[in-house]
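Let's take a walk through this model together. Have the sequence and the 3D view open side by side.

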Amino acid sequence: MSTLERSTEQKQAEWYANPAGGRSEQPAGPPEPLENAAAQVPVRMSAEGLTVRYGVSTFGIRDVTMALYDRKVTALIGPSGCGKSTFLRALNRMHDLGRDIEVTGDAFLDGESIYAPGVDPVVVRRRVGMVFQKPTPFPTKSIYENVCAGLRLVGMRKRSLLDEAVEKALTSAALWDEVKDRLRSPGGSLSGGQQQRLCIARALAVEPEVLLMDEPTSSLDPNATMRIEQLITQLKRQVTIVIVTHNMQQARRVSDYTAFFYLGEMVEQADTHELFTAPKESRTQEYLHGTFS
């Protein structure tokens with residue numbers, strides 16, 4: 001039986017037996033890795049011909065094929081409305097929650113289709129976490145309850161396990177030392193940057209294999225932005241990260257690979273240094289040089 005098709009009960013049993021998640025180290029399926037990708041970095045997730053259509057004729061993305069490398073950061077860049085966030089949401093089946101949205105093509109996690117019949121989207125979203133543009137803590141829930149919300153959802157009730165998971169997630173999100181003495185305070189009482197790190201901790205608590213970040217610093221001040229960027233650099237040691245950003249400097253600072261999107265198409269994907277210094281596509285070059293029309 002497929003990893004993605006196993007029941008919620010089986011998933012819970014595996015969690016208790018192995019909180020680290022038992023991640024596979026095998027490369028995923030199509031597409032083929034980039035030629036310059038350290039040959040030997042496995043692909044954690046990939047898309048093949050992924051298309052998202054709204055209604056009858058409006059396309060969010062069209063025929064996107066690309067690879068996301070294990071424990072690396074991939075930045076998605078491009079003008080507003082070019083399909084970056086649409087692609088991100090297709091990677092953990094968030095479009096299932098909308099109306100009149102059709103997804104075709106496929107996406108693979110550890111070589112298994114996340115859109116195959118029988119695959120539980122809740123399991124997909126646990127393995128592929130999401131952090132949104134604006135911090136979204138549950139404002140009336142405590143810091144502690146914010147972090148363990150996902151764990152309670154999958155049936156974890158033992159207090160000692162919850163305590164351990166909360167501390168681990170907040171430590172991973174570089175927030176533990178700041179909040180350890182006020183875990184019962186409302187999540188909404190934190191600063192904007194702290195709230196975003198709380199949301200990252202909430203996503204990390206269920207041990208995802210991939211973390212999707214949709215412009216996670218766009219509403220933050222420079223100091224909070226710096227903290228989040230430092231955190232991303234630390235987190236890639238344990239999780240594959242995909243980040244949407246409009247900030248070219250940020251993409252260069254935090255990512256290993258960059259993909260340029262335009263009008264719903266993925267125009268070019270390459271090693272970040274290579275894409276910014278020697279892009280192969282003229283549209284990429286025009287966008288990076290500010291002459292895009």
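**A hairpin, a sheet and a pocket**

Strands β1 and β2 make a hairpin with three residues between them, and Gly-55 in the turn has a positive phi of about 65 degrees. (Strands are DSSP runs of E, at least two residues, and helices are runs of H or I, at least four, numbered from the N terminus.) This is a predicted model, with local features needing pLDDT of at least 70 and side-chain atom pairs pLDDT 80 or more, while totals for chains, interfaces and linings use all residues. Residues are numbered from 1 along each chain as its sequence is written, and side-chain values use heavy atoms, without hydrogens or water.

Leu-50, for one, has Val-64 in β2 as its bridge partner. Two strands count as paired if DSSP finds at least two bridges between them.

Now zoom out to the open sheet of four strands, antiparallel in pairing, with the order β2-β1-β4-β5. β2 and β5 (112–113) stand at the edges with a single partner strand each, so one side of each has no neighbour in the sheet. Two bridges join β4 (residues 101–109) to β5, and Leu-109 stands opposite Glu-112 in β5.

Which residues lie nearest the centre of the largest pocket? They are Arg-125, Met-130, Gly-150, Leu-153 and Arg-202, out of 21 lining residues. β6 gives the most to this lining, with four residues. (A pocket is an open set of points on a 1 Å grid over the protein atoms alone, where a 1.4 Å probe fits, with protein on both sides within 12 Å along at least five of seven lines; lining residues have an atom within 4 Å of a point.)
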